[in-house]
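Subject: Structure handover

Hello,

Here is the structure for you to look through. Please open it beside the sequence, and then read the notes below.

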Amino acid sequence: MQSPAKLVWMDGRLVPWADARVHVMASTLHYGVGVFEGVRCYAQPNGTPAIFRLEDHVDRLIDSARCVAMELPFDRAALVQACKEVVRANGFADCYLRPVALHDFGEPGLGAQNPVRVAIVAFQWGAYLGKEGLEHGIQTTISSWVRHHPGAAMMRAKISGQYVTSVLAKRLAKQNGFDEAIFCDAQGYVCEGTGENLFIVRKGVLKTPPTYAAILAGITRDSVLEIARELAKERALEVREEPFLRDELFLADEAFFTGTAAELTPIRSIDRRPVGAGTRGPITAELQARFFRAARGEDPRWRRWLAPVS
């Protein structure tokens, strides 16, 4: 985080940053049953910032809450307006938003259904994996941790407690000199990063694991797939959603991560093996450029993805 905000939207009103607090006995702090989103807002050519795919993110927050039987005290329209309000109140253009819903304190124990609080934080946050990473790619490693089995986790939901494994894998990767970790599932199929979806390019074919795999159905992932299918109409590129194994990952000509925080970040190496030429590949570079043009309102084809803050 580069700088905090002045105001946080919390339970229906704006409060000063320092006053956005929950109790130490909040149930979500103890048991991890909370849900959250990551959303980006981008400056636009007309001077009015716009939030990228805002309604899709709010819909996923609501879906995540349904998955854990959490009744949100605000409806879809209120949450959409709250996201805009917190950006506007802080005077941000480019920023990151973190909507979060959590169970507050009340009855102790696993079976308690405690009151739900909702907060939306906006703050300035640059390239999650570094500006250098966006331009030249990052170094990754295959994690020794295995992605959650769909029988033990709800892969369509962004549930706070499900990210413990991601934290452990990310910490280990950083300790060993890598920027990010890549998960496989229990059968050895490649899944995703600790907080990003994964794409590879090999011999003119762009691949990403399908949504029935042990991955989050990322909103940036979906955006890049749409952009890639448009690109495929202009050049020899095939786009597939299908499982692939670790060896195919090692043999890729290009690879990259997608995610709200990561945006579209190239991968230059995996376990010290260079990916392709060891730098951002041409298809990755083209998709990255098109993605940022879409997010920044410079391509009218994707204007439907933008929610103006005004």
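Cys83 has a relative accessibility of 2%, so it counts as buried. Cys191 is in no disulfide either, with the sulfur of Cys184, the nearest one, 6.5 Å away. Cys191 has a relative accessible area of 1%, so it is buried. The count of disulfides comes to zero. Please keep in mind that this is a predicted model.

Next, the nonpolar cores. The largest has 30 residues, and the members that touch the most others are Val35, Ile51, Val87 and Leu97. Two or more residues each come from strand 4 (39-42), helix 2 (54-67), helix 3 (76-90), strand 6 (95-103) and strand 7 (116-123). Helix 3 gives the most, six residues. Another core lies apart from this one; it has 25 residues, including Leu225, Ala228, Phe256 and Leu287.

What does Leu97 touch? Leaving out residues up to four places away in sequence, its contacts include Val39, Cys41, Ile51, Cys83, Val87 and Ile120. Glu37 and Arg40 are also among them.

The largest pocket has a volume of about 780 Å³. It is lined by 37 residues, and Phe36, Lys158, Tyr163, Thr194 and Gly195 are the closest to its centre. Strand 6, helix 5 (164-175), strand 10 (190-193), helix 6 (219-231) and strand 14 (254-259) each give two or more residues to this lining. Helix 5 has the largest share, with four. The lining has 14 nonpolar, 14 polar and nine charged residues.

The second largest pocket has a volume of about 270 Å³. Of its 17 lining residues, Arg40, Asp94, Trp125, Glu263 and Arg296 lie nearest the centre. Strand 4 and helix 4 (131-136) are the elements that give two or more residues to it. Eight of the lining residues are nonpolar, three polar and six charged.

Regards

Technical notes: Residues are numbered from 1 along each chain as its sequence is written. This is a predicted model: local features need pLDDT of at least 70, side-chain atom pairs count only at pLDDT 80 or more; totals for chains, interfaces and linings use all residues. Side-chain values use heavy atoms; hydrogens and water are left out. A nonpolar core is a set of buried Ala, Val, Leu, Ile, Met, Phe, Trp, Tyr and Cys residues joined through side-chain atoms within 4.5 Å. Buried means under 20% relative accessible area, exposed over 50%, partly exposed in between (1.4 Å probe, protein chains only). Contact means heavy atoms within 4.5 Å. A disulfide is a pair of cysteine sulfur atoms within 2.5 Å. On a 1 Å grid over the protein atoms alone, a cavity is a set of points where a 1.4 Å probe fits but cannot get out, and a pocket is an open set with protein on both sides within 12 Å along at least five of seven lines; lining residues have an atom within 4 Å of a point. Grid points are joined across faces, edges and corners, and a volume is the space filled by probe spheres set on the points. Ala, Val, Leu, Ile, Met, Phe, Trp, Tyr, Cys and Pro count as nonpolar, Asp, Glu, Lys and Arg as charged, and the others, Gly among them, as polar.
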